[in-house]
Amino acid sequence: MRDAGQPSALRPLVEVDDLTKRFGARGGLSQILGAASQRQLTAVDAVSFQINAGEILGLVGESGSGKTTLGRCLLRLVEPSSGQVRFDGKDLISLSKGDLRVARRQMQMIFQDPYSALNPRMTIRQMLSEVLRFHRICTDAAIPARIAELLALVGLDQSAADRLPRHFSGGQRQRIGIARALAVEPRFIVADEPVSAVDVSVQAQIMNLLLDLRDQLGLTILLIAHDLSVVRYVSDRVGVLYLGRLVEIAPTAQIFAAPRHPYTQALLRAAPRPDPDRHPAQPAIAGEPPSPLNPPPGCHFHTRCPLATARCKSEMPPLQTVSDGHQVRCHHHDLALLNPSPR
Amino acid sequence: MTSLAHKPAQQSRLAQMGGLVSGAAILAIILLASLMASHLIPYDPIEQNLRNTLQPPSLSHLFGTDNFGRDIFARVLHAAKLDLMIGFLCVVFPWILGLTLGGIAGYFGGLADTLIMRTVDTFTAFPFLIMVIGVIAILGPGLFGMYVALTLAGWSIYARIVRAEVLVIKKSEYILAARSLGYGHGRILVRHVIPNVVTPTIIFAMTDMVLVILSTTSLSFLGLGVQPPTPEWGVMIAEGRGFILSAWWMVTLPGLAVVLVGVALSLFGDGIARILREGSQA
């Protein structure tokens, strides 16, 4: 299921091919009782996409759609069950431990919860010097200057260095987390819902910071979020995940103007809009997402899809290219196009 | 952030500081007096004076003398050094062992966890004193046997506390961040996990120390720990047992020393524990 050529002339920095992660009960009682009692959860199901250098790819999905697992698989914080991740042409999955340590300098993660992402017993200076020293980023003498530089880069005051995380607000902690990620001078950053745990007023600041850093440092960013509004203004392209499968991926303008997958359309309808005259006519999507332990056959979305037919219940739709750089996993993407677009 | 909780916190801070300070003061005085005992009191704690036996407390012998004519005050003071040292070391050794093994079990999980925690279960299955006496029976009575026995009997609780805390900490995102930075397991465990789990173990250690000192004196009383003629409170109480009706001071005054140290340690430990708890909450 290879990507059919990106519109951009840029070389992809990250290539994900058929990446799959299954979680299963392993060892212990279930092993003694035999495989019959094993339940497998496919968190990431044969996902393929590419991220071009210098690009921000937004990845959207409900909770349980596998977006966090996918992000962690890319950095091998979670070992994928199968599939390939190539970074700058090199296969990450087959790297040895030592090579992986070197590779980790190239890719970093920004975490969801700024309150648990920082070691509460370490001052910001201790935290950053440990990173700089461990990866031999600079000489010991140059460490204070580098820390000052990092703090300035993320818009924190120099006095922040000698304080413990508990003295900072959520937004400031998120900036510290970003500074820690930047300390190794990475080329690729996975930002796992970086603003879902901070105040709305701070969200825009953090997103702008990510944009600035991309422009300043030429970063490539995978931005994971659970709603489209967060990724809309910063992403170059957006991918939509549903129960571990990539159902649609397209340039941002395209996906908002002409979404082709019924799920993407529903997500767009569900986004709250600050318009008091507009009353939600009906729930955008009926029902709950099915259990990932026991996903529906065929197209995972058929249980909630207004366009579902018998074919959807039995046959998994392939990821089809519908226009330049726009791929969708739906048997009825032509019908979906006729469906009134939400915006 | 804490403006609502400010007032009661301040009040209780005063109360807890009172306990902490008085506990620390009593301990400091006892320790100091014990270290300078040979300068403070002209009597040797071991040398016998059979012409001066069983004297009641007086100005020349503050706590009276025992059946060998030794000054009980001198012996009580000299004993404090030994008892406090045993109390301290017999908490530190199990603490180190429990922290290491509990940390490994919680962090690595799997086989290491199973092996260590089943061992912990085995050790907890024995009542504390039975275990201690059993080990001493194997190694023979004396200081060494007591150190080993109290360490073996005490470490499992620390391992349990540490493992439970590590299981929580290792899921936090800063551990994931440490892994994504490429840090090795040793570095993550020592620099990022352990510093965040020590607080509850120290809080427990503060109460444990009282228990350990009581066990030390009990063992010596039974003749399993410190051996006579070395001055030790349990030994002294055991020696005075036969004279409890005729010379009450021989049993009572060393006994009161145990009570005083126990109370002081409790006050001190409570104060420290509360400060640590507040620090970790903020």
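**View 1. Helix α5 of chain B and its buried residues.** In this predicted model, M131(B), V132(B), V135(B) and I136(B) of α5(B) are buried. Looking down the axis of α5(B), you will find these buried residues within an arc of 130°, so they line one face of the helix.

**View 2. What the buried residues of α5(B) pack against.** Three helices of chain B take part here: α4 (110-125), α6 (143-169) and α9 (198-221). The buried residues of α5(B) pack against each of them.

**View 3. The length and the end of α5(B).** Helix α5 of chain B runs through residues 128-139, 12 residues in total. From its first C-alpha to its last it reaches 17 Å, close to the 16 Å expected at 1.5 Å a residue. Just after the helix comes G140(B), which takes a positive phi of about 90°.

**View 4. C299(A), a cysteine in no disulfide.** Searching the whole structure gives zero disulfides over all chains. For C299(A), the nearest cysteine sulfur belongs to C312(A) and is 5.9 Å away. C299(A) is also buried, its relative accessible area being 12%.

**View 5. C305(A) and its closest cysteine sulfur, in C330(A).** The sulfur of C305(A) is 5.9 Å from that of C330(A), which is too far for a bond. A disulfide would need the two sulfur atoms within 2.5 Å. With a relative accessibility of 16%, C305(A) counts as buried.

Notes: Residues numbered from 1 in each chain as written. Chains lettered and ligands numbered in written order. Predicted model: local features only at pLDDT ≥ 70, side-chain atom pairs only at ≥ 80, totals over all residues. Heavy atoms only, no water. Buried < 20%, exposed > 50% of the residue type's maximum accessible area, 1.4 Å probe, protein only. Helix = DSSP H or I, 4+ residues; strand = E, 2+ residues; numbered from the N terminus. Expected span 1.5 Å × (residues − 1). Arc of directions from axis to C-beta. Contact = heavy atoms within 4.5 Å.
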